[in-house]
Amino acid sequence: MRERIHESFSRRRLLKYLAVTGVTLGSSNLLAACGDATATTSSSTTTAATTTTTSAATTAASTTATTAATVSGTSLKTKAAILNAAKKYSGTKLSLSVVGTSPPLAAVNEEWQKATGVTLETTAIPPNEIFEKLILNFTSGAGNFDLVSVTSSNFGAFAPYLSDLTQFNTTYKFDEVQLVDMFKWYGKIGNGSYGIPYDGDQYMLFYRTDWLQKVGGDPGKPPATWDEVFTFAQKMNGQDLDGNGTKAIGYAPRMSRTGTWQFFATKLASFGGDWFDANWQPTINSPEAVAALEYATKLKDVGPANSVSIGFADLDKLFLGGSVGFMEQFSTTATRAQFDTINSKISGKFGVMALPAGPGGKRQYSPGGVSLAITKTSKNQELAYLCARFLACEETAVAQAVAGTGVEPTMVSAYNNPDFQAKWGDGKSSWKVALEEGTGQIFKQLTIPEFASLQEVLDLKLSEAYSGQTPPKAALDNVASNWRQILGRAGYYAGDKPKYEVQNKK
Amino acid sequence: MKRSGFKLRYSPHGGLEGWLLLSPLLIILVVLALIPVLYALGLSFFEYNVLRPLQNRFTGLENFGLMLEDERFHTALFNSFRYVLVCVPLSVVLGVGAALLLDHELPGMRLFRALAITPMMVMPLVVGLNFRMLFDYQDGIINWFLSRLLWFPRVRWLDTPEGAFWATVIMELWCTIPFVMMLTLSGLKSLPTEVFDAAKVDGAGKFQMFFYLTLPLLMPVLTIIILLRTLTTFKLFDQIYALTEGGPGSATETVAYYAYVLGFKRWDMGYAALISYVLVFIIALVCLLLLKLLQAERKVI
């Protein structure tokens, strides 16, 4: 009898014990989802459960635990949770390639290595070479990077060489991170998700508040349309607004051949244009696009004498040097203009606003940004994912942004962070402008593999239009014809390609 | 009976042993030169894009047809010829002139000669980047010199098609005049002095001696210089890449630069290979023509 009682008790207790263990482990995931940094990872949970016994009851418990982990996922909402999850990989090494202009801060790298014991080797590649370098790296099968930072427009070309992160995102509850609308398309190709948004790029219109006042404007109510911007720029241009004998430049346009398509795209967005129609027929020479280019070309009249060769780096130099009234530039510049007192002559004398509206309304161009992606050849897929989440998490993003690295946060919570609001941009309203612009109507960059070719042709013809070699309409007609040829060779008109998602639907 | 020009006539000493000793070099040449050249030739008959590895296909002469209709290629070809026609004569004339000036044994002349050839030692990309700063509209030293010292208006060197063209010409001349000067100088040093002594005795003036003696005697060296300069000017790429990136628009885009764009911006390797082959063919043809002309000139002299 004693023996029977013991036997019965033992079975019942064992099942009960295992069920409780399963529930407890499931709860720990739930706690982790609520931000508890001490929660364990799903893999360790599963491993712990499956290594107890081989009985049927154990298997059932293990299944319960696994299901619980999968359904609820493991939260990586806090930096501590991420670092904790990566600790099990201590002693290993990760190789990261980054866009040269935005490598992680040394302090960020050190923190990662100290907390996890995982070495992070970083290779910085100049931004204008990153496409060439990575495509050669991928196609040659060199496979020397675990993590790569990829600009959004390059995902179409790189996707075949990158891991789809959908499963990791589910397991580690990436949907907890509330991204700003403008950055939600980063790293997405078809139904796949190939990148963790890392650097949220957006353009803002920078203007000199003191100059605006001097020419009859209201610094608190900057121009709302492109036409108004031109009018004020015209009033500023050539005037001695600082009283030091230097003639003011109304507007600094980015017209040098490499990258000028970005300068055009901001106008294309608000003038109501689009890249293609649903069947991939170029609409780059539509009346809206031609009007956008005519406007962009007109800005040369209120720009510096050498407008046609003004490039990305020149813009900051001109604006921070205090010689320009208006300029459109990435949000990063605001932090430098306000807090870099050595190089900036305009701290406290400028404002930022969302890019103005055009005839097509207020639609913001999303220039893409940088996401962190994991290469298919990486032997440490989960570790690489955890590292990407660490580099892109709110705490790291805020630290990097306020340090002026050029890496801007992609999540809403960072923009709502008071510390960030005080130290980023102009330290006043930049965060508000960023959120307002990021949640409005958006015009996206292209992500097809042929993007680099299309961009190169567009750059060339825009440059011809700016320098007066070709009239705007003829230049864009030529772009359309070239684009048709490039896409034709790539088989876009063969019928089996998915339709283009038209962005300028009325 | 005339023997075929293609028959392999070379036979190393020592028969099989000779071939064996030559084999490392031959293997290196085959692997590093012959195979890539033939591979590129084959590639030019394909639509071969690195970004679409599964869609690559044999297209025969389709790329050639594309090239004939490609306006951008025509512009690039025009630009390449324009650079050759402007840069080669200018560099030869100025280089020979500089060599004549330096062909005197004065104190410190050796040091001066050594300094004069330093541009040859600078990497073309570095040259391009430096000239970019020099030609800067606002802060460049060239415009500073023009506007502050000579009271000329500032020149928009890199903003207008003509300005960019002449900026690249000036940069190219800075790089290549020392090369012409050095070769000419060595040619001048090897000229027989007796001929000049005899001419002096006959009462020939300096100009007569130069045009009737120095120049004809230098013709073999000048032929080599002109051929090499033509060849390198057709291949003009690095400096343009660093200085103007082919712009503004396509004002300074050469065939070599366009081939780079096709290969490494568009990844259209098939078409890029064809353009490169066409460039090689054009260079060979122009050089052959020049050689014939210069040889004829030598016979006349």
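Two strands are taken as paired where DSSP finds at least two bridges between them. On this basis, five strands of chain A in the predicted model form an open sheet in the order β2-β1-β3-β12-β6, with mixed pairing. From one strand to the next, the twist averages 30°.

Within this sheet, strand β1 (residues 93-99) of chain A and strand β3 (residues 147-151) of chain A run parallel and are joined by two bridges. A:S97 has A:V148 in β3(A) as its bridge partner. Helix α15 (residues 381-392) of chain A packs on the sheet, where it touches β1, β2, β3, β6 and β12 (370-374) of chain A. The direction of α15 makes about 165° with that of β12(A).

Elsewhere in chain A, A:M327 lies in strand β9 (residues 324-330). A:M327 has 26 other C-beta atoms within 10 Å and is therefore buried, the cut-off for this class being 20 or more. Apart from neighbours within four places in sequence, the residues in contact with A:M327 are A:F206, A:Y251, A:A252, A:L315 and A:F319. A:Y89 stands 238 residues from A:M327 along the chain, and the C-alpha atoms of the two are separated by 47 Å.

In chain B, a helix pair was examined. Two packed helices are described by the angle between their axes and the distance between the axes. For α3(B) and helix α11 (residues 255-264) of chain B, the angle is about 145° and the axes are 8 Å apart. The contact brings B:R72, B:F73, B:A76, B:L77 and B:S80 of α3(B) together with B:V255, B:Y257 and B:Y258 of α11(B). Of the residues in this contact, six are nonpolar, one is polar and one is charged.

Confidence in chain B was also considered. Chain B has an average pLDDT of 90, and 95% of its residues score at least 70. Where pLDDT is low, the predicted coordinates should not be read in detail. For the model, the ipTM is 0.85 and the pTM is 0.84.

Terms used. Residues numbered from 1 in each chain as written. Chains lettered and ligands numbered in written order. Predicted model: local features only at pLDDT ≥ 70, side-chain atom pairs only at ≥ 80, totals over all residues. pLDDT = per-residue confidence, 0-100. Helix = DSSP H or I, 4+ residues; strand = E, 2+ residues; numbered from the N terminus. Buried ≥ 20, exposed ≤ 12 C-beta atoms within 10 Å, placed from the backbone. Contact = placed C-beta atoms within 7 Å. Axes fitted to C-alpha atoms, helices over the stretch in contact; angles between N-to-C directions. Nonpolar A, V, L, I, M, F, W, Y, C, P; charged D, E, K, R; others polar.
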